Amino acid sequence: MAVTWTPASDSDFTDIRYERTATPAGGIAKITIDRPEVRNAFRPQTLVEVSHALELAREDAEVGVIILTGEGPHAFCSGGDQNVRGDTGYIPEGETVGRFHVTDLQIQMRRLPKPVVAMVAGYAIGGGHVLHLCCDLTIAADNARFGQTGPRVGSWDGGFGASLLRDLVGTKKAKEFWLLCRQYDAAQALDMGLVNTVVPLERLEEETIGWCAEMLALSPFALRLVKSSFHAHEDGYAGIQQLAHDANLLFYASDEAKEGREAYKAKRRPDFTQFPRRA
Ligand SMILES: CC(C)(COP(=O)(O)OP(=O)(O)OC[C@H]1O[C@@H](n2cnc3c(N)ncnc32)[C@H](O)[C@@H]1OP(=O)(O)O)[C@@H](O)C(=O)NCCC(=O)NCCSC(=O)CCC(=O)c1ccccc1C(=O)O
């Protein structure tokens, strides 16, 4: 399915593009890291903008699925921009002290109650590889290459970069990624369960849209629960909290929960006897 993308924000993004398209089943948002001159490496500003765009997509009731991608055929993302890496983290322009903006972004992607799909052409390397790991699905072009470079450049990610990778490819292979810093092509990535499918580069967006359209045809709240169910185990207490709060959202619509609310407002004792104690 070929689609037309429309810029979808008043924000003055410098490092990304935020676009939307409408399909009969609902809207798709696309966030494109737009720094091809550095293989779409991210600097703090890039991540601030991605985070803002994710929030826009979350709050947009028309949007059901979000695509994260990189500009051009050469790279999805090559991780942290080594030119703005200081001794205190990655340093925003005009500031002297840095941090890892990617820490919060990874959590935001996991928390987001809509599926996030990585659309990968070219390199997904370093912190860029971790971003694809944090996406719910990955659609790869046949020129995609995956790998971690941390130990080569004096860095590592023992968070999602290790744990999610291990969940996908197994401990030995995940350690191989990190201990040898090799790169793996798209066929190898598919073989080891790192990506969902591989298609010719020229069909990458069409295929990704197809997967998004399939999800858009499904129950949005069921998709939300599927996502939080997976993360309940993977993300520990924070994952359980997300799933529990999602369930509570549903419970709020029940007569039983409404009785508690209405009784409180009416300053009377709640009458829960009308509700069955289900076996
Ligand atoms: C990606 C490459 C394999 C692509 O190779 P190639 O196609 O041959 O292109 P190049 O000629 O190498 O690159 C073109 C141009 O881009 C510049 N560039 C590429 N990547 C970066 C980068 N990451 N930072 C800055 N600049 C970059 C390159 O220098 C060239 O510029 P010219 O001026 O034209 O020469 C290859 O480019 C490559 O290996 N790149 C480096 C990959 C890398 O090591 N990335 C950093 C890994 S560390 C990291 O990402 C930490 C991230 C993070 O914030 C973090 C912190 C704490 C916990 C977890 C994380 C986390 O992992 O997320």
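Domain bounds here come from an automatic or database domain assignment. The model itself is predicted.

**Two domains**

The protein splits into domain 1 (6–218) and domain 2 (221–268). Their centres, taken over C-alpha atoms, are 29 Å apart. The two domains touch: eight residues of domain 1 are in contact with eight residues of domain 2. On the domain 1 side, four of the touching residues are nonpolar and four are charged, with no polar ones.

**Helices H9 and H10**

Two packed helices are described by the angle between their axes and the distance between the axes. Take helix H9 (residues 220–234) and helix H10 (residues 236–251): their axes come within 7 Å and cross at roughly 150°. Angles over 145 degrees count as roughly antiparallel, so H9 is roughly antiparallel to H10. The crossing of H9 past H10 is left-handed.

Which residues make the contact? The table lists them by helix.

| Helix | Residues in the contact |
|---|---|
| H9 | Arg 224, Leu 225, Ser 228, Ser 229, His 231, Ala 232, His 233, Glu 234 |
| H10 | Gly 239, Ile 240, Gln 242, Leu 243, Asp 246 |

By type, the residues of this H9–H10 contact divide into six polar, four nonpolar and three charged.

**Helix H11**

How many of the 11 residues of helix H11 (residues 255–265) are buried? The number is zero, so H11 lies largely in the open. A residue counts as buried if 20 or more other C-beta atoms lie within 10 Å of its own. After H11 comes Lys 267, and its phi is positive, near 55°.

Terms used: Residues numbered from 1 in each chain as written. Predicted model: local features only at pLDDT ≥ 70, side-chain atom pairs only at ≥ 80, totals over all residues. Buried ≥ 20, exposed ≤ 12 C-beta atoms within 10 Å, placed from the backbone. Helix = DSSP H or I, 4+ residues; strand = E, 2+ residues; numbered from the N terminus. Contact = placed C-beta atoms within 7 Å. Nonpolar A, V, L, I, M, F, W, Y, C, P; charged D, E, K, R; others polar. Axes fitted to C-alpha atoms, helices over the stretch in contact; angles between N-to-C directions. Parallel < 35°, antiparallel > 145°, perpendicular 65-115°, else oblique. Left-handed = near helix turned anticlockwise from the far one by under 90°.
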